[in-house]
Amino acid sequence: MQGYEVIAYMANIGQEEDFEAARQKALKVGAKKVYIEDLRKEFVESIVFSAVQANALYEGVYYLGTSLARPIIAKTQIEIARREGCDFVSHGCTGKGNDQVRFELGYLALEPSIRVIAPWRIPEFFERFPGRSALLQYAAEKGIPVVQTAAKPWSTDENLYHISYEAGILEDPSVTPPKDMWKLTVDPEDAPNTPERITIHFEAGTPTLVKNDSDGTAVSGGLDLFLYLNQLGRKHGIGRIDIVENRFVGMKSRGCYETPGGTILRAAHVDLEGLTLDREVRRLRDQFSQRLSEILYNGFWYSPEREFIMAAVEQSQTNVTGDVKLKLYKGGVWIEGRTSPLSLYDDKIASMDIAGGFNPSDSEGFIRINAIRLKAYVAQKKLATGAGFI
């Protein structure tokens, strides 16, 4: 950037990257100093596991992998800016996407006086480089190594939770992604023909242990556990989606995503809640989860509404403790059983073979009371239209 002393910063949040090569690249193009910060453990234990507790999915399908990484990247960037006495921070997000909003809301919440340089919103920059193809051409001319090529022009964003693909040929939502685009997972058709069975243990909604029932492997500790689930998910082709989503800035966008470990973990967590979470609490938490997913997607991690909802989510998880057995096979995650010392399930009451303390005759009154409202509505419907439902 012209006229500025540049301190480069790169967050290690689990992307498969040559960090030393990135350091040398930054120094070569003019950075005074380079920070490469390992944020993987904090990312998994403070952010990813919180999203799992909430069963967060944006628009019912997107696991929020990019959105979840932005708060911790922004926080560390501001910490470095304070340490170095910087007046400005910068990012490389486009002027059309969500990430500019996510980063800058984080910056301003954490350091209200900070100023932001966003090159792709500066006319001199975006008029010279209207898109990624122009940047690729510039990089080639200047001998700057980049991952993207003219043959594979899509943009990627990778972290421990996922990888995303967008732009290039993917901007046509009818185009099938090429097989060699997918980086993390094997094609489900090429995944092993033998299923793998695991058990995940949760304490208060947080995973603490993964046991591989097929080979006896046991892994604990937040980061190691999640890395192992990623390894299994990648092997079995789990976690691919191809969607069109609604961006916060107002346009629709096509994105392809791979979330191997996260897909396994969320499936197990949702199932265990069925055994341990009260019905009404679960309904309320599910309502909160939908709103929380929008809050996270839109970049409001450092907001009062996110803190409020997460406090409620965390309270709801008090009794979500137990084991879930899963089968991993050719892109699928199948639940094969669950147990909990805090289970709300009563096999005697649920049984169709014994009364178990439940009086079947009580059901008649329950049905009659619930029918009062329906009878009133049908009477009103007849007055209004001259007929009921038939």
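Student: How many bridges join strand β6 to strand β11, and do these strands run parallel or antiparallel?

Tutor: The model is predicted, so local features need pLDDT of at least 70 and side-chain atom pairs pLDDT 80 or more, while totals for chains, interfaces and linings use all residues. Residues are numbered from 1 along each chain as its sequence is written, and side-chain values use heavy atoms, without hydrogens and water.

Strand β6, residues 163-166, is joined to strand β11, residues 252-258, by three bridges, and the two run antiparallel. Strands here are DSSP runs of E with at least two residues, helices are runs of H or I with at least four, and both are numbered from the N terminus; two strands pair if DSSP finds at least two bridges between them. Within this pairing, Tyr165 has Cys256 of β11 opposite to it.

The pair belongs to an open sheet of four strands, arranged β5-β6-β11-β10 with antiparallel pairing. At its edges lie β5 (155-158) and β10 (240-246), each of which pairs on one side only. From one strand to the next, the twist averages 25°, taken between N-to-C directions of lines fitted to C-alpha atoms, on a scale from 0 to 180 degrees.

As for the helix, α8 contains 17 residues and spans 25 Å from first to last C-alpha, close to the expected 24 Å, which is 1.5 Å times one less than the number of residues. Because 14 of its 17 residues are buried, α8 is largely enclosed by the rest of the structure; buried denotes under 20% relative accessible area with a 1.4 Å probe, protein chains only.

Terms used. Buried means under 20% relative accessible area, exposed over 50%, partly exposed in between (1.4 Å probe, protein chains only).
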